[in-house]
Amino acid sequence: MLAFRIVSRFLARIAPPVALSLAACGCVGTADDPLASEAAALSRPPAITPPMGWNSWNTYGCAIDETLVKRQADAMIASGMRDAGYEYVNLDDCWMATSRDAGGNLRANPATFPSGIKALADYVHARGLKLGIYSSPGPETCVGRGLLGAVQDKHPGSAGHESADAQAFAAWGVDYLKYDRCTATKQEAEAKFALMRAELDAAGRPVVYSINPDGAPSSKPWSTYANMWRTTPDIDPTWKKGFAQGWWSAGIVDILDLNAPRAADASPGHWNDPDMLEVGVTKSVLGGKATLSDSEARAHFSLWAMMAAPLITGNDLTQMSDATRSILTNGEIIALDQDALGAQGVRIQGDGTREVWAKRLADGSVGVALLNRGRSTTTVSVTWSAAGLGSANAHVRDLWAHADLGVLARGTSLPVPSHGVVVLRASAAP
Ligand code: GLA
């Protein structure tokens, strides 16, 4: 019933022709027949919960090729990440040749993706995964702007080729498009994002549509067009950079503060995107060091889950430390992120050092994250009423210790390590 309500809400918010065809086929979320799994996957509304997957950018920047991407897909399976819910294998910038072909068609770089994108999509589909791709509404993608420091070749964006590119993505079997403003102007951005939405619908293959407006204004909420929209500058594998106006990269808590006020914009099928995960990333693609400790990485992952953020990893999946793997595959934290209610968690208390975050969940329980932004261990307190539970007593489970804490009256106070979290799930108890 709940699933039906969520799907109905989703259908009410997407373009009428798509909503009608999904509703008319009666296939939304119903097919259990494994033989119909490809058809079922195609008919399910994309991103009804926050998308989970891997993207090439945070570790590899432009240094990608088809062998590397296939290895990441294989590692997603071997590491248990596919079983934990990760699904998308996403190419970021630089997968394409530096120019279109003589007919104006977008094509893969023949040196690095000689088999082409269709073959790569077939490879990941055969393993129960999905393929994502990257383009821009401008004439060029972002990397040609000197993003990586060293001079990089310019790569074509989709400006003026939206229809052909959307058709090509569908023909190749692409399941996810990251569409990054880059060289489109702020003034034209909304119309360009809307245009690609229409062309993706016309091409007829369901895709997760992930946009990066990069500060452009819009007359309608970005959820009108997209499944997810970036709310922040580029993430860096650092706890805090001290975001200032005009900076284009930010640390974990800088991004937390930028994404938190957007909570009301999230709902099933539509997510704020505080950028991809830096858990286990060992070097900043932007040039600096990666400095996240395991405790900071645990906090980063937990807070992204509390904010119902897409969980798109950016690390090398073939070489994960035990700590990284256990963070990324913590099913109890992932369940907070993927909860069917689709409510983005909010900060309910904060004194600059100690914070409490609460996320309403579909079964009436609440996720509670106690965050310590300070330099030494401190005690953080919460009451169940402040967390919105509506019950004085709560069954409480610690989602990192994987331990039941029993029934706790009124609330609790727990020690939280520096730059760390304790994450609880509290359900009403008599
Ligand atoms: C922008 C985006 C990044 C990445 C690069 C690629 O900076 O924010 O996530 O996609 O472009 O050039």
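I took helices (H or I, at least four residues) and strands (E, at least two) as DSSP runs, numbered from the N terminus. I counted two strands as paired if DSSP finds at least two bridges between them.

The model is predicted, so I kept local features at pLDDT of at least 70 and side-chain atom pairs at pLDDT 80 or more, while totals for chains, interfaces and linings use all residues. Residues are numbered from 1 along each chain as its sequence is written, and side-chain values use heavy atoms, with hydrogens and water left out.

**Sheet.** I traced an open sheet of eight strands with parallel pairing, in the order β9-β6-β5-β4-β3-β2-β1-β10. Its edge strands are β9 (271-273) and β10 (311-313), each pairing on one side only. Neighbouring strands are turned by 25° against each other on average, direction ignored. Axes here are lines fitted to C-alpha atoms, for helices over the stretch in contact, and angles run from 0 to 180 degrees between N-to-C directions.

**β2 and β3.** I found three bridges joining β2 (residues 88-90) to β3 (residues 130-135), running parallel. Y88 stands opposite K130 in β3. Helix α7 (residues 116-125) lies across β2 and β3, at about 145° to β3.

**α8 and α9.** I looked up how α8 (residues 162-172) packs with α9 (residues 186-203): the angle is about 45°, with axes 9 Å apart. The pair is therefore oblique; angles under 35 degrees count as roughly parallel, over 145 as roughly antiparallel, 65 to 115 as roughly perpendicular and the rest as oblique. I noted the contact residues (heavy atoms within 4.5 Å), including F169 of α8 and L195 of α9.
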